Amino acid sequence: MRFEEFVEELVLCKECEEKVRGKKQVYEKEGKKYIIYHEYNEFIERLLFRYKEQRDIALSSIFLTAYKKELEKISRKYAIVVLCSSEEKRRFRAFEPLVEWFKAIQIEVYSPFYKTMDWKQSSLSFEKRKGIHHILKKKSFYSLPKKPIVLFDDVITSGATIERAMELINVDIVIAYAAHPNWIDNMKNFQKSCEKM
């Protein structure tokens with residue numbers, strides 16, 4: 001039996017399955033909808049570190065399995081665009097983390113961005129994170145389908161990367177696997193009910 005089948009059949013322990021599932025929150029600000037699956041915490045930090053920095057690609061199937069049906073429905077109407085790692089990180093890991101997440105649930109995604117250098121947001125102050133505007137770029141000849149866009153990222157910390165991506169392409173909805181508690185606190189006045197897509 002494949003690992004994703006264990007997750008789908010909830011063979012993970014109840015506590016781990018609950019942590020992987022998260023608690024969805026929806027926000028709407030300036031006409032854009034933000035869907036957050038988790039509030040960033042130590043469990044998610046450890047999980048992402050193991051997956052990305054320890055290159056445990058076998059974990060790719062656990063992140064989005066709980067949201068597969070919702071994401072399949074979204075993908076019928078929207079093109080799902082993922083944010084990227086730097087070239088250095090891609091070479092070190094030998095995989096693109098978010099692309100692998102969607103490959104595991106068999107949903108097509110688009111990757112029109114690149115970074116001009118390695119840029120570790122977590123080591124920077126919130127003010128310095130705005131420097132992503134000089135780092136994140138759109139590939140010149142990358143064409144996206146003529147559909148509305150959902151922008152997907154693993155973690156929103158300050159929101160600077162998401163804002164930069166929205167300057168480069170027209171985005172209708174932002175989905176993040178997790179968002180930092182500070183970002184969530186700043187968005188509390190924009191929270192909506194978790195209606196189905």
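Guide: Let's start with Lys 89, which forms a salt bridge with Glu 53, the closest N and O atoms being 3.0 Å apart. Lys 89 lies in helix H5 (residues 87–93) and Glu 53 in helix H3 (residues 42–53), so this pair ties together parts that are 36 residues apart in sequence. Keep in mind that this is a predicted model.

Visitor: What is the general idea behind such a pair?

Guide: Side chains of opposite charge can pair when their charged atoms come close.

Visitor: How many salt bridges does a search of the whole structure find?

Guide: It finds 12. One of them joins the side chains of Arg 50 and Asp 56, at 2.7 Å from N to O. Arg 50 is partly exposed, with 43% relative accessibility.

Visitor: Where do Glu 87 and Arg 90 lie?

Guide: Both sit in helix H5, three residues apart, which is about one turn of the helix. Glu 87 is partly exposed at 35% relative accessible area, and Arg 90 is partly exposed at 26%. Through salt bridges that share partners, Glu 87, Arg 90, Arg 91 and Glu 96 are joined into one network.

**The sheet and its helices**

Visitor: On to the strands, then. How do strands of a sheet pair?

Guide: They pair through backbone hydrogen bonds, and the pairing is either parallel or antiparallel. Overall, the protein has eight helices and eight strands. Six strands form an open sheet with mixed pairing, in the order E3-E6-E7-E2-E1-E8.

Visitor: Which strands stand at the edges?

Guide: Strand E3 (79–82) and strand E8 (191–192) do. Each has a single partner strand, so one side of each is left without a neighbour in the sheet.

Visitor: In what sense do E6 and E7 pair?

Guide: Strand E6 (residues 149–156) pairs with strand E7 (residues 173–179) in the parallel sense, over six bridges. To find your place there, look for Ile 156, which stands opposite Ala 179 in E7.

Visitor: What lies across the strands?

Guide: Helix H4 (residues 68–77) lies across strand E2 (32–39), E3, E6 and E7, and runs at about 110° to E3. Helix H7 (residues 160–168) lies across E2, E6 and E7, running at about 160° to E6.

**Aromatic pairs**

Visitor: How is a pair of aromatic rings described?

Guide: By the distance of the centres and the angle of the planes. The structure holds 11 aromatic pairs. Among them, Trp 101 and Tyr 177 are edge-to-face, with 5.2 Å centre to centre and 65° between the planes. Trp 101 belongs to helix H6 (residues 97–104) and Tyr 177 to strand E7, so the pair ties together parts that are 76 residues apart in sequence. Both Trp 101 and Tyr 177 are buried.

Visitor: Why is the pair of Phe 102 and Phe 152 edge-to-face?

Guide: The ring centres of Phe 102 and Phe 152 are 5.0 Å apart and the planes are at 90°, so the pair is edge-to-face, for which the planes must be over 60 degrees apart. Phe 102 is in helix H6 and Phe 152 in strand E6, so this pair ties together parts that are 50 residues apart in sequence. Phe 102 and Phe 152 are buried. Ring pairs also link Tyr 51, Phe 63, Phe 95, Trp 101, Phe 102, Phe 152 and Tyr 177 into a cluster.

**One residue, then the whole**

Visitor: Is Leu 136 buried or exposed?

Guide: Buried, because its relative accessibility is 0%. Leu 136 is found in strand E5 (residues 136–138). Leaving aside residues up to four places away in sequence, Leu 136 touches several others, including Leu 83, Cys 84, Phe 113, Tyr 114 and Leu 168. From Leu 136 to Tyr 114 is 22 residues in sequence and 5.9 Å in space, C-alpha to C-alpha.

Visitor: And what share of the protein's 197 residues is buried?

Guide: Buried residues make up 46%. As for contacts with a separation of 6 or more, residues 24 or more positions apart account for 71%.

Conventions
Residues numbered from 1 in each chain as written. Predicted model: local features only at pLDDT ≥ 70, side-chain atom pairs only at ≥ 80, totals over all residues. Heavy atoms only, no water. Helix = DSSP H or I, 4+ residues; strand = E, 2+ residues; numbered from the N terminus. Buried < 20%, exposed > 50% of the residue type's maximum accessible area, 1.4 Å probe, protein only. Contact = heavy atoms within 4.5 Å. Salt bridge = Lys/Arg side-chain N within 4 Å of Asp/Glu carboxyl O. Pairing = 2+ DSSP bridges. Axes fitted to C-alpha atoms, helices over the stretch in contact; angles between N-to-C directions. Phe/Tyr/Trp six-rings, centres within 6.5 Å; stacked < 30°, edge-to-face > 60°.
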